[in-house]
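Me: I would like a close look at one part of this model. Please start with a residue I have picked, then go through the part itself and how it sits in the whole.

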2 protein chains.
Amino acid sequence: MKTRIRKATLEDFEVIYDVLCHILDEGTTYSYTREEMTPERSLAYFMTAPGTHCYIAETKKGEMAGFYTVRPNRTGRGGHVANASFIVHPEHRRRGIGRKMGEHALKTAKKLGYKAMQFNFVVSINEVAINLWKSLGFSVVGTLPKGFRHASKGLVDVHVMHRFL
Amino acid sequence: MKTRIRKATLEDFEVIYDVLCHILDEGTTYSYTREEMTPERSLAYFMTAPGTHCYIAETKKGEMAGFYTVRPNRTGRGGHVANASFIVHPEHRRRGIGRKMGEHALKTAKKLGYKAMQFNFVVSINEVAINLWKSLGFSVVGTLPKGFRHASKGLVDVHVMHRFL
């Protein structure tokens, strides 16, 4: 399927927020609650906070198929490492959107001058994500035992994944 | 040396902020910059943000010898894991203040209902800290390669440390 990736604009936020809420309700990948991820907080976290770069994947028809955000993982003396979040629209799963966004995000982070990319919270039973990141050169550099309360599986481990750029 | 640990009050913030600035200027343990750690941000981060519990260690003479903060490491589906920050006053180092605060923080976190405590950013060449945390039951569960730009040593690894409560 043809997908293009472009910089997100404020006009994209409504659909971004809808998809985010859907994903949070699933309770299988992100730790955040709906209560804390208000529209204001979500807008800052995914789009407008300093150093935050949001891109969306769009189908040929102009439908949003997913989005990702690159941001500093830490500032200051840890500011050379990027963090990124990826969300694929539930109706566009298993079509390679995640991989396409991952590859794009690595280029984006490199262009921004980052030396590495780190994911702090990859749920260990999310095999699709872990295999994707491994195939893109990431490795598991840490495992947080029982760090995530999965909506159906209870407490499961969480991986920290990392690659240099 | 006799030290007591008590809950910090807003009146303690001035000395807490002074010590924090001193530590950030050293550039050997925390990633944050002075620019971002404004008084407002620091007050929220160490004392007043939701779920944040700050204690200070005080000498018999009433001098602040150090402080620590326990907070949720994440919220929502990761909210059962505590995070904590510890800062010993530079003039009170090597007197067991860190250990005393560490033991107190573990009790505080347990009382608050947390199931584990996690440190996300322990600089790998900070042997005093690593040995202290290991002796208090923490283990290194991850290592972020070259994650910290140390003021004099350049890029060094960072450990993630964890223990159940």
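Where is the place of K60(A) in chain A? After that, please describe helix α1 of chain A.

Reply: This is a predicted model, in which local features need pLDDT of at least 70 and side-chain atom pairs count only at pLDDT 80 or more, while totals for chains, interfaces and linings use all residues. Residues are numbered from 1 along each chain as its sequence is written, and chains are lettered from A and ligands numbered from 1 in the order in which they are written.

K60(A) lies in the loop between β2 (53–59) and β3 of chain A. Helices (H or I, at least four residues) and strands (E, at least two) are DSSP runs, numbered from the N terminus. K60(A) counts as exposed because 9 other C-beta atoms lie within 10 Å; the cut-offs are 20 or more for buried, 12 or fewer for exposed and partly exposed in between, with C-beta atoms placed from the backbone. K60(A) and V81(A) are 21 residues apart in sequence, and their C-alpha atoms are 33 Å apart in space.

Now the helix. α1 of chain A covers residues 13–26, which is 14 residues. From its first C-alpha to its last it reaches 20 Å, close to the 20 Å expected at 1.5 Å a residue (1.5 Å times one less than the number of residues). Its buried residues are I16(A), V19(A), L20(A) and L24(A). Seen down the axis of α1(A), these residues fall within an arc of 140 degrees, so they line one face of the helix; the arc is taken from the directions from the helix axis to the C-beta atoms. E14(A), D18(A), D25(A) and E26(A), on the other side of α1(A), are exposed. After α1(A) comes G27(A), with a positive phi near 70 degrees.

The cover over the buried residues of α1(A) includes α2 (39–48), β3 (64–72) and β4 (81–88) of chain A. With α2(A), the packing angle is about 105 degrees and the axes are 11 Å apart. Axes are lines fitted to C-alpha atoms, for helices over the stretch in contact, and angles run from 0 to 180 degrees between N-to-C directions. α1(A) is therefore roughly perpendicular to α2(A) (65 to 115 degrees; under 35 is roughly parallel, over 145 roughly antiparallel, the rest oblique). From α1(A), F13(A), I16(A), Y17(A) and L20(A) meet P39(A), S42(A), L43(A), F46(A) and M47(A) of α2(A); contact means C-beta atoms, placed from the backbone, within 7 Å.

In chain B, helix α1 (residues 13–26) and helix α2 (residues 39–48) pack at about 105 degrees with axes 11 Å apart. There, F13(B), I16(B), Y17(B) and L20(B) meet P39(B), S42(B), L43(B), F46(B) and M47(B).

As for the whole, a rotation of 180 degrees with 0.0 Å of shift along its axis superposes chain A on chain B, at an RMSD of 0.0 Å (least squares on C-alpha atoms of residues with pLDDT of at least 70 in both). That is the relation of a two-fold axis. The C-alpha of chain A nearest the axis belongs to G142(A), 1.7 Å from it. The contact between the chains takes 23 residues from chain A and 24 residues from chain B. On the side of chain A that touches chain B, the elements giving two or more residues are β6 (139–150) and β7 (154–164) of chain A, and β6(A) gives the most, with 8 residues.

Methods: Contact = placed C-beta atoms within 7 Å.
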